[in-house]
Each structure stands twice: as C-alpha cells, then as structure tokens.
Protein chains: 2
Amino acid sequence: MKYLYKALLVLLLATSFSYGQSDQFITPKYVFFLIGDGMSMTQVHTAEGYLQQTQVGPDKEGTTGVKQLHMTTMPVIGLQNTFASDRFITDSAAAGTAMSCGHKTRCGTIAMDSSRTKSLPTIAEKARDKGMKVGILTSVSIDHATPACFYAHQPDRGMLWQISMDLARSDFDFFGGGGMNGEKVSDGKRSMQPGKPQATADNDPLEAARRKGYAIATNRAELQAIEPGTKTFAYSKDFIGGDWSMPYSIDKPQEDLSLAEYTREAIRILDNPAGFFMMVEGGKIDWACHANDARTVIDEVLAFDEVVGVALDFYRQHPAETLIVVTGDHETGGLAMGFAGMGYDSAFEVMAKQKISFQKFTDTILNDYKEQADWDDEDDDMDSEIKDLLDNYFGLNYSDLSDFERELLEKAYDQTMARKRSKGQEFSLLYGGYEPLTVTATHLLNRKAGISWGTYSHTAVPVPVYAIGAGSHMFEMMYNNSDTPRKMAEVMQVSLD
Amino acid sequence: MKYLYKALLVLLLATSFSYGQSDQFITPKYVFFLIGDGMSMTQVHTAEGYLQQTQVGPDKEGTTGVKQLHMTTMPVIGLQNTFASDRFITDSAAAGTAMSCGHKTRCGTIAMDSSRTKSLPTIAEKARDKGMKVGILTSVSIDHATPACFYAHQPDRGMLWQISMDLARSDFDFFGGGGMNGEKVSDGKRSMQPGKPQATADNDPLEAARRKGYAIATNRAELQAIEPGTKTFAYSKDFIGGDWSMPYSIDKPQEDLSLAEYTREAIRILDNPAGFFMMVEGGKIDWACHANDARTVIDEVLAFDEVVGVALDFYRQHPAETLIVVTGDHETGGLAMGFAGMGYDSAFEVMAKQKISFQKFTDTILNDYKEQADWDDEDDDMDSEIKDLLDNYFGLNYSDLSDFERELLEKAYDQTMARKRSKGQEFSLLYGGYEPLTVTATHLLNRKAGISWGTYSHTAVPVPVYAIGAGSHMFEMMYNNSDTPRKMAEVMQVSLD
C-alpha cells in the first residue's frame with residue numbers, strides 16, 4: 001500500500017512534468033492570430049540584423065549577431081506553404097482565405113471557395129458563434145484583403161464597398177487601425193446622384209456600422225474613452241491618407257497611435273469572461289517590400305513585432321488560457337540578406353541614414369522638387385538640389401557613388417523628370433511600377449547595406465509560423481496555410497466545416 | 001483501494017500518451033546529422049515546386065502546390081542563425097565549426113576557436129570516445145570545410161594537406177564520397193623534390209590512412225566487398241574531377257555511386273551494437289548556388305534528400321533509437337522564388353529543358369566551341385552553332401527571346417569570346433567570377449522559370465532544422481548554429497566542453 005502511494009506520486013510528477021509538451025491543454029480563452037503581410041524569414045531576420053548592426057556596429061568580433069525580435073523567441077516554429085488554388089505564387093486574398101477558412105481558393109477571392117459562389121465560414125465567425133468577442137485590426141484599410149477574409153465574403157477583393165458593408169453584418173466587436181475605402185466609394189456613388197442622397201445603413205458602410213451600434217473613434221482620446229464591451233470601429237481620420245491606411249512607421253508622427261497601441265486598446269475593450277479572438281495584420285510590410293524599400297520594411301516589421309510584444313505581455317498574465325500564433329501570408333520582393341556587389345559583407349547600419357519612406361519621399365519631397373525644377377531634356381544631369389535631397393533623406397552622397405551607381409541614378413532621374421517615360425523590359429526590371437528615382441535610391445542604399453531584391457511582386461517561399469501557449473504544439477512541422485485555421489479550430493474546439 | 005488502482009491506471013495511460021512529446025527519451029544509438037551546404041528554405045522549396053510543376057504542369061486548378069521532400073515531412077522544425085564570430089555572413093568553415101563544436105568562430109577556421117590557437121572537440125569525436133562508430137560523407141572533397149570541421153583541427157580551411165593528414169588521426173570508421181585534395185598537394189610537393197620520394201604515412205594523407213588500417217575503396221564493387229566493421233575510405237577515382245568532388249547529379253553517369261548509395265553502404269559497414277554517428281553533407285548545392293544555376297541546385301537538393309530518405313528508412317527500423325537532424329550551413333545566392341519580369345507567374349517546368357550543369361557546359365561544350373569558333377571582335381554576333389548549343393543544353397531558343405534578353409546574351413558572348421574581358425562593377429554584377437555566357441544562360445532560364453538570384457556569395461538568412469526521432473523535440477525554436485551540436489550532445493549524453 002505504501003509503495004502504491006509512492007508509485008502514484010511518481011506518476012503524478014511524471015505526468016505534470018510532461019504536461020507542457022503533451023497533447024493535452026486547456027482550450028484557450030484568448031487567441032491572438034498575428035499576420036505580417038508579405039513577411040517571411042528574410043523580412044524578420046533583416047530587421048533583427050538591423051537592430052544588432054545599428055546598436056553595436058558591424059564587423060566587430062562577437063558583435064556580428066542578431067537582436068532577436070519577440071516573435072523569434074517563441075517556443076514553437078512551423079512552416080506554411082502558401083500557394084493558391086490557381087497560382088503557385090499567392091495573393092493576400094487567397095492566403096487570407098486559406099488562413100481564415102481552411103480552404104485554398106483562387107487569388108482575389110475573399111472567404112469564398114474556388115468557384116466564387118460559396119461563402120466559407122471563418123475562424124473569427126466561429127469564435128463569435130462560440131461566444132468569444134472578436135477583434136480585427138490592421139495597419140492598412142479595414143476592407144483590404146487580409147482583414148476582409150475574416151469578416152467578409154465576396155468573390156473579388158476589389159469589391160471594396162461590398163466588403164465594407166459586410167463589416168457591420170459580422171457583428172464582431174472591434175475593428176481598428178486603417179479606415180474604410182468602402183466609405184469613399186459610397187460617398188462617390190452618392191455624389192453622382194442628383195442632390196447627393198444621405199448616407200444610410202443601406203448605402204454607406206460607416207453609417208451601417210453606426211446603426212448597428214458601433215461606436216466610431218477617430219482619435220486617441222475617443223478610443224480611450226470607450227467602455228469595455230462596447231462595439232467599436234477605431235481609426236484616425238487625422239493621419240489616414242488617400243488609401244485609408246495608417247502611415248508607414250518611419251513616417252509616423254509621435255502623436256499618432258501605433259498598431260501596438262490599437263492592440264492594447266482592443267484588449268482592454270474586448271476582455272471579458274468568455275474570452276476573445278483577435279486578428280492583427282501588419283499590412284504595410286508587404287507594400288514596402290513591393291517597392292523594394294528595405295528600411296521602411298524593417299520599421300514595419302518592428303512595429304508589427306511590438307504587437308507581438310503586447311500579445312506576449314497578455315500571455316504572461318494568462319499563460320494557461322492564451323494562444324498566440326504569428327505568421328505571414330507570403331513573402332514579397334524576393335528579399336535576400338546579401339548582394340552580389342558586396343560579396344560576403346553586410347553594412348545594415350547604412351540604412352539608419354534613411355529618414356523617410358519611398359512613398360512619402362515620392363509624394364512630398366520629390367513632388368515639390370519636380371514642380372519647380374529646371375529640367376529640359378535627358379541630357380540634363382542631376383542638379384545640386386536633388387543630390388542634396390537624396391543625401392538628406394537616404395544618406396546617398398553623390399560624390400561617394402561609383403560611376404556605375406551614378407549612371408543608374410542619372411538614368412532614373414531622366415525617367416522621373418521626363419513627361420513620357422521609356423517602356424520595355426529593361427525599364428520594367430529597373431523600376432517596376434515605381435517612381436524611377438525613388439526606387440533607384442532605395443535599391444542603391446539597400447545594396448550598400450548588403451541587401452538585394454528579386455521582384456516587385458510576391459514569391460512562393462514558405463513562411464514561418466511562431467506559436468506559444470495553449471495548444472501551440474499543434475503548429476509545429478510543415479503544412480499548408482489552409483491547415484493553420486484548422487489547427488486553431490481544433491484547439492479552440494470549433495469546427496470550420 | 002479499488003479507486004486508487006483505477007487512478008493509477010488512468011495516470012499510466014496519460015503518461016504513456018504524452019510520452020512521445022515529453023522531455024523523456026531513450027538516448028539515441030544512431031545519430032544522423034545531414035547538412036545541405038548552401039541550403040536554406042528557398043533551395044528546399046524550389047526543388048519541391050519543381051517536382052510538382054514538372055509532374056503535373058503549372059497553372060491548373062488544384063495543381064499549383066508542392067511535392068514535399070522527405071526532409072519537410074519531419075515532425076520537428078527549428079531555425080538556426082548562422083553568423084560567424086567575425087562576420088554577419090558566415091562561410092562553411094565557421095558554420096561547420098559552430099555545428100560540430102558548439103562555438104562560433106572566425107570564417108575560415110576548422111574546429112578551432114576564434115584565436116585560431118585552441119582546438120575544439122567535435123561532436124563526432126565525442127561520439128567516437130563514447131564507443132560509437134563514426135562516418136563522415138560528402139559530395140565534395142573529404143578535406144573541404146564542412147566535413148573537415150568534424151575530424152580536423154586547422155587554423156585555415158585552405159590547409160588541405162594538413163586537414164587530410166588529420167583524417168587518419170581521427171580514427172573515425174568511415175569516410176566517403178569525394179576524394180582528397182590533400183593527396184594532390186602531397187603528390188605535387190613530392191614531385192618537386194629530387195627523385196620524387198615515395199608516399200609515406202608522414203607525407204601523404206592517403207598512405208597515412210592505409211597504414212592506419214583504412215581499406216581504400218575506389219569503385220562500387222570494392223566498396224560493396226568491404227566487411228562491416230572495417231575502417232573505410234571510399235571514393236571513386238573514375239568520376240572524381242580536378243577538385244576531387246563527385247559530379248553534379250545532373251551530370252552523373254548512371255553507373256556512378258550517388259551520395260545516397262554511399263550512405264547505405266556506410267550504414268552497412270558502421271552498424272554495430274554500440275551504434276554510430278554519421279555526418280553526410282550535400283556539398284555541391286552551395287557550388288551550384290554560387291554559380292546561380294537553379295536546375296543544378298534542384299538536382300543537388302534532390303540527391304541530398306535521397307540521403308534523408310535512406311536515413312528515414314533506417315529510422316523506421318529503429319524508431320526509438322535513432323535521431324535524424326537535417327539542416328543547412330547557410331544560404332547561398334539569395335535565391336528567390338519569384339522574378340520581377342514574371343510578376344506573379346512561375347514556370348519551373350522550363351528548367352526541365354536544362355541537360356547539363358553550368359560547370360560541365362563551360363568545361364566541355366563551351367570549351368570545344370571556343371577552340372574552333374570563328375570569332376574576331378565584339379561586333380560579331382552569336383553564330384548558329386552557339387545558338388543551337390544554348391537551345392540543346394538550356395532550352396533557350398534564340399528566336400523566342402526578347403530583344404533585351406538577346407542583348408544580354410550577345411554581350412555575355414562577346415565577353416566569353418574576348419581574350420581580355422571588361423572589368424568594373426556592371427560586369428562583376430552580371431557574371432560574378434563565372435563564364436559570362438554560361439551564367440547568363442542560367443540567369444535567363446531561371447528568370448523564365450520565375451526565379452531570381454541576388455548574389456554569387458552566401459547570405460545571412462537563417463536555415464531550417466528538420467528533426468525526427470529520439471530527442472528531436474530539442475531542435476524546436478530559433479537558436480544559433482552553435483547550439484545545434486550542444487543539443488545533440490545533451491541528447492547523446494556527451495559533453496562538448
């Protein structure tokens with residue numbers, strides 16, 4: 001009898017010891033699904049290398065490492081294959097649908113099947129149906145592909161008005177970050193009608209949300225005043241540009257809300273005894289990758305990782321009840337942490353000299369310059385003013401450039417200043433669809449850092465999945481992006497079928 | 001009392017249920033450490049995409065996926081940071097030392113510390129000291145950096161004779177794959193002395209191995225005739241070229257031994273009651289990446305994955321006693337699974353038209369052509385003969401090429417044919433140190449496939465670690481490459497200190 005008790009005690013200890021790694025876990029009450037758009041391994045690790053090299057300087061013995069982000073310290077790593085049902089290289093809509101509904105679909109499709117006729121239930125809707133509160137946050141517009149895939153069902157990601165109108169129908173509890181393109185569409189449509197009819201719950205997505213009881217917060221004070229449990233749509237009219245996205249982190253005025261701050265407020269408002277499901281997208285990592293602007297990418301990854309930090313803080317308070325899954329939807333840009341012209345060297349710290357995103361430089365600084373520049377034809381070289389601007393904003397000192405680099409810059413300058421731009425394969429490879437001088441400036445700066453780009457589009461390389469908390473061991477191994485919400489559904493004890 | 005027994009039974013079941021994922025495991029008797037040189041995620045997944053697209057054709061609904069390799073089906077995934085102690089972008093010597101000794105060191109160093117004065121014990125030596133038999137296999141020369149890091153201790157990877165002389169000293173049980181550069185060095189040194197002294201155990205690494213009791217097998221029949229338990233050095237004189245490496249898989253004659261076949265023979269010879277430790281390197285993935293030749297890379301990855309398949313077959317026979325860890329030492333080439341000129345499209349199947357490695361094309365086909373070509377100066381365009389060769393060997397049909405692509409090819413042709421080549425940044429970016437026409441041919445073919453390259457050197461992106469078997473859960477998460485052998489040592493119950 002005495003030995004039996006002893007044996008029982010030993011077994012009890014053994015069981016509790018192996019508990020952390022076992023297939024047993026408490027169904028998580030709090031689920032964070034954090035998605036970096038366009039973010040795969042190179043985006044994450046370029047940011048880590050940049051932190052290290054700007055903080056300790058490169059090429060010193062023992063200081064060549066990386067400063068790990070929150071996400072790469074998580075205990076579980078998996079890999080997702082991202083292909084769509086109709087293309088090896090996915091877009092964000094097919095990837096978003098795979099990760100919200102558990103089905104591969106055609107590019108461009110929002111939470112519907114490949115035939116684009118059948119709506120598919122999303123993991124966020126299943127969480128809502130289970131009684132959890134649901135939050136959807138993004139740094140791009142709330143009707144952009146990735147967030148849309150969690151609350152809307154439309155055959156085409158371009159149907160912004162229809163997607164926005166699905167927002168209020170979702171009955172989700174918190175939307176935040178970027179604004180609604182659908183509102184602009186509604187306003188435009190009404191403007192074309194005689195007397196411009198008023199916004200109603202039937203024609204205007206913002207009005208529809210209001211009628212459904214959503215509090216609309218358009219600045220920090222308004223958001224902070226919202227009581228927990230109130231349905232909320234939060235975005236800041238002050239800073240949202242023409243595309244209704246938040247500004248790039250590198251351009252963000254101090255007083256603006258960061259995505260991490262939105263996340264903290266969302267937690268405050270959503271937290272309740274039945275728990276919550278929250279999807280937060282770092283949406284502009286992708287945009288900066290499309291434009292081949294590595295420094296802007298780095299700042300976006302860091303801003304997204306701050307969100308991971310907020311989620312991890314919450315996890316530490318509720319370790320047994322929280323699941324955090326961090327991933328990307330695809331890689332963008334074919335970013336490589338090396339460049340032919342640099343051999344085995346890296347100098348990521350040169351990117352610290354960049355003070356502005358490609359977009360803001362093009363839209364403001366370069367635009368002002370072009371308006372008053374004295375440029376006649378392509379024989380005109382760059383003047384001292386534009387040289388100064390490139391030096392000030394990108395740290396590119398013309399006199400330090402090689403002949404070959406100057407040639408690339410002068411060629412781009414001519415294209416930027418010309419009323420009619422050259423066409424053809426070479427120009428398309430050099431500039432994609434971007435402002436020639438700006439994209440050449442980021443290309444040159446990135447090359448000096450020891451970074452190169454292969455494309456202005458997405459690529460097919462898999463994306464890492466980082467996980468921690470209740471049920472996180474499910475996210476190990478290599479699998480399809482459509483398996484990810486199925487694993488989540490199993491952990492959350494809901495069904496996606 | 002009855003309830004107590006029931007409780008005991010439940011606990012027993014619960015314990016055994018969670019056993020597979022617990023921190024408890026049997027110390028593995030058989031350890032496979034499989035290293036793809038220059039192999040990170042893009043190399044692996046480009047091979048998977050290629051298999052799928054050549055087998056089912058691209059752009060068909062539901063057929064856009066990947067055919068998974070053996071390695072990506074393994075249940076545990078981790079990620080290794082690869083930086084060296086003196087450089088963010090590592091070389092194979094520093095990476096090899098990190099993965100064999102558990103210490104970051106300076107680039108170029110073979111199993112010694114950063115001061116290059118202190119030898120570091122390797123995981124293979126510790127396995128030997130424990131009584132396990134040890135095998136070291138590679139598709140490059142056996143005295144190349146990666147294999148050397150497991151049995152040799154030298155301050156510089158270039159000291160090929162010294163490294164080769166360390167082979168016999170190691171007292172390991174099996175060496176196989178590529179031959180010894182050190183033998184050539186020894187031969188050359190002796191040739192310069194009057195009367196060319198005979199090879200002895202003091203001046204010739206092969207003779208040293210013979211005297212130490214190693215059986216030398218230089219073809220399949222000899223290798224197959226070797227009795228289990230015999231110390232062996234196996235390589236095939238018939239096919240090993242000037243660099244003593246095995247031929248690229250794409251060029252391999254049917255009758256030659258593959259790396260997988262060497263591995264099977266090594267298992268047969270090494271298997272014994274005390275177990276074995278085996279390191280197998282797919283060494284030429286890296287070389288083909290340096291040259292930016294994706295199809296040759298794919299075939300090398302597939303040949304390496306066959307080795308993984310052989311190890312998995314063995315694992316299935318000894319699941320509780322076997323640990324397999326598969327990884328790379330760094331990424332090479334900045335390979336991206338997308339290309340600016342292709343937008344979102346991929347056509348990996350076009351690479352099936354390539355019939356030869358860049359190296360063999362340059363050394364044989366192009367060399368023959370150059371010897372008899374009628375070329376005067378750079379105004380001469382490509383003739384029909386070279387056009388036919390590019391069509392036959394790379395599937396590049398000149399008449400299908402765009403003006404821009406033809407221009408790139410003609411420019412490269414002029415450089416290849418010219419006695420004196422142009423210098424400068426542009427040419428170095430276009431061709432690296434490679435034969436201009438050959439590297440331009442693989443660049444163009446890869447671009448048509450939807451693949452691009454950023455560099456002719458290594459990059460700093462982390463590499464995945466795939467693991468299965470006893471203690472494999474230790475290889476989860478993100479860590480340094482110097483942690484990998486420490487995890488292995490913990491699992492094997494040896495110490496690296």
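**Salt bridges**

Trainee: What is the relative accessible area of B:R157, and which class does the residue fall in?
Mentor: The predicted model gives B:R157 a relative accessible area of 27%. Buried means under 20%, exposed over 50%, and partly exposed in between (1.4 Å probe, protein chains only). So, at 27%, B:R157 is partly exposed.

Trainee: What are the ground rules for names and values?
Mentor: Residues are numbered from 1 along each chain as its sequence is written, and chains are lettered from A and ligands numbered from 1 in the order in which they are written. This is a predicted model, where local features need pLDDT of at least 70, side-chain atom pairs count only at pLDDT 80 or more, and totals for chains, interfaces and linings use all residues, while side-chain values use heavy atoms, with hydrogens and water left out.

Trainee: Which residue forms a salt bridge with B:R157?
Mentor: A salt bridge is a side-chain nitrogen of Lys or Arg within 4 Å of a carboxyl oxygen of Asp or Glu. The N to O distance here is 2.9 Å. The partner of B:R157 is B:D91.

Trainee: How many residues apart in sequence are the parts that B:R157 and B:D91 tie together?
Mentor: B:R157 lies in the loop between helix 5 (145–151) and helix 6 (160–170) of chain B. B:D91 lies in the loop between strand 2 (76–81) and helix 3 (92–101) of chain B. Helices (H or I, at least four residues) and strands (E, at least two) are DSSP runs, numbered from the N terminus. So the pair ties together parts whose separation in sequence, in residues, is 66.

Trainee: Is B:D91 buried or exposed?
Mentor: The relative accessible area of B:D91 is 7%. Therefore B:D91 is buried.

Trainee: How far apart are the closest N and O atoms of A:K196 and A:D187?
Mentor: A:K196 is partly exposed at 35%, and A:D187 is partly exposed at 34%. They form a salt bridge, with closest N and O atoms apart by 2.6 Å.

Trainee: How many salt bridges are there over all chains?
Mentor: Some are linked: A:K133, A:D171, A:D173 and A:K231 make a network of salt bridges. Over all chains, the number of salt bridges is 42.

**Strand 1**

Trainee: How many residues of strand 1 of chain B are buried?
Mentor: The strand spans residues 30–36. B:Y30, B:F32, B:L34 and B:G36 point one way and B:V31, B:F33 and B:I35 the other way, and all are buried.

Trainee: Which residue is the bridge partner of B:Y30 in strand 7 of chain B?
Mentor: Two strands pair if DSSP finds at least two bridges between them. Strand 1 and strand 7 (residues 276–282) of chain B pair in the parallel sense over 7 bridges. The partner of B:Y30 there is B:F276.

Trainee: Which residue of strand 8 of chain B stands opposite B:V31?
Mentor: Strand 8 (residues 322–328) of chain B also pairs with strand 1 in the parallel sense, over 7 bridges. Opposite B:V31 stands B:L323.

Trainee: In chain A, which residue of strand 7 stands opposite A:G36?
Mentor: Strand 1 and strand 7 (residues 276–282) of chain A pair in the parallel sense over 7 bridges. Opposite A:G36 stands A:G282.

**A charged loop**

Trainee: What is the relative accessible area of A:D379?
Mentor: A:D379 sits in the loop between helix 13 (358–372) and helix 14 (384–394) of chain A. A:D379 is exposed, with a relative accessible area of 65%.
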